[in-house]
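Open the model in a viewer and keep the sequence at hand. The stops below say what to select and what is there.

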Amino acid sequence: MKTRSITLVSLFVAVMIAFGALPTLVIPFIPVPFTFQMIGVMLVGSILGARKGLVAMLVFIALAAAGVPVLSGYRGGLGVLLGPTGGYILAWPLATFVIGLITDYINTKKWALFRYYLAILAGILIIYFVGVPWFAFYNHLPLLGVAESNLPLLLLDLVKAGAAAVVACRLKQRLPFLKKSKLV
Ligand SMILES: O=C(O)CCCC[C@@H]1SC[C@@H]2NC(=O)N[C@@H]21
């Protein structure tokens, strides 16, 4: 990896940690907490691209697994990663990778913002596809009921995705070294 790539990866691990400094919010009647760290996941994938984004997210998850309190509300450890919301968190690297894969191919200004949004949406869906069944299985709850209760969170994530898409799209248009995600 080039020095610039290492710097970018470190910077975005720091971005994830910064979002983690904010606590998770419990919304009444929704069993899964709201987290601002989802914005970090969206930004890592859409700005760093597939390869660097994946590396950044794996480093972040490794820190969390090692017990470093990088998860929302200063939490960390295998207990959280293998806990009820572990499915969502463990899906973050794959989601980041897929967001990056799609955004790496956006090389036109036409509909760019919309394309970024769709890429991030793909990542969000992956996170829910892993997180919802995991949460239901862990708590012995019906899958459909958990999926239904996640809908408000999904709507809020669609709003976060809008903000992340604007930031990523603008940054990539203004900073040429971010534009094309090289493999190193
Ligand atoms: O325990 C954690 O720190 C992570 C919780 C995971 C929350 C999921 S991620 C997707 C969805 N969007 C949110 O804001 N919360 C849930």
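A residue is called buried when its relative accessible area is under 20%, exposed when over 50%, and partly exposed in between, with a 1.4 Å probe and protein chains only. The model is predicted: local features need pLDDT of at least 70, side-chain atom pairs count only at pLDDT 80 or more, and totals for chains, interfaces and linings use all residues. Residues are numbered from 1 along each chain as its sequence is written, and side-chain values use heavy atoms, with hydrogens and water left out.

**Whole chain**

Start with a cartoon view. The chain has nine helices and zero strands; helices (H or I, at least four residues) and strands (E, at least two) are DSSP runs numbered from the N terminus. The radius of gyration is 16 Å, close to the 16 Å from the globule rule for 184 residues, so the chain is as compact as a globular protein of that length. That radius is taken over C-alpha atoms, and the rule is 2.2 Å times the number of residues to the power 0.38. The C-alpha trace spans about 50 × 35 × 25 Å along its principal axes.

Next, show the surface. Its accessible area is about 9,300 Å², with 76% belonging to carbon and sulfur atoms; the area comes from the Shrake-Rupley method with a 1.4 Å probe. Of the 184 residues, 45% are buried.

**Aromatic pairs**

Rings of Phe, Tyr and Trp (its six-membered ring) pair if their centres lie within 6.5 Å; planes under 30 degrees apart count as stacked, over 60 as edge-to-face and the rest as tilted. The count is four aromatic pairs.

Select Phe 60 and Trp 92. Their ring centres are 6.4 Å apart and their planes at 35 degrees, so this pair is tilted. Phe 60 is in helix α3 (residues 50-65) and Trp 92 in helix α5 (residues 86-104), so the pair ties together parts 32 residues apart in sequence. Both Phe 60 and Trp 92 are buried.

Now select Tyr 88 and Tyr 128. With ring centres 6.1 Å apart and planes at 85 degrees, the pair is edge-to-face. Tyr 88 lies in helix α5 and Tyr 128 in helix α6 (residues 112-139), so parts 40 residues apart in sequence are tied together. Are these two tyrosines buried or exposed? Tyr 88 is buried, at 8% relative accessibility, and Tyr 128 is buried, with a relative accessible area of 11%.

**A charge over a ring**

Finally, select Lys 160 and Phe 34. The charged end of Lys 160 sits over the ring of Phe 34, 4.0 Å from its centre. The rule asks for NZ of Lys or CZ of Arg within 6 Å of the ring centre and within 35 degrees of the ring normal.
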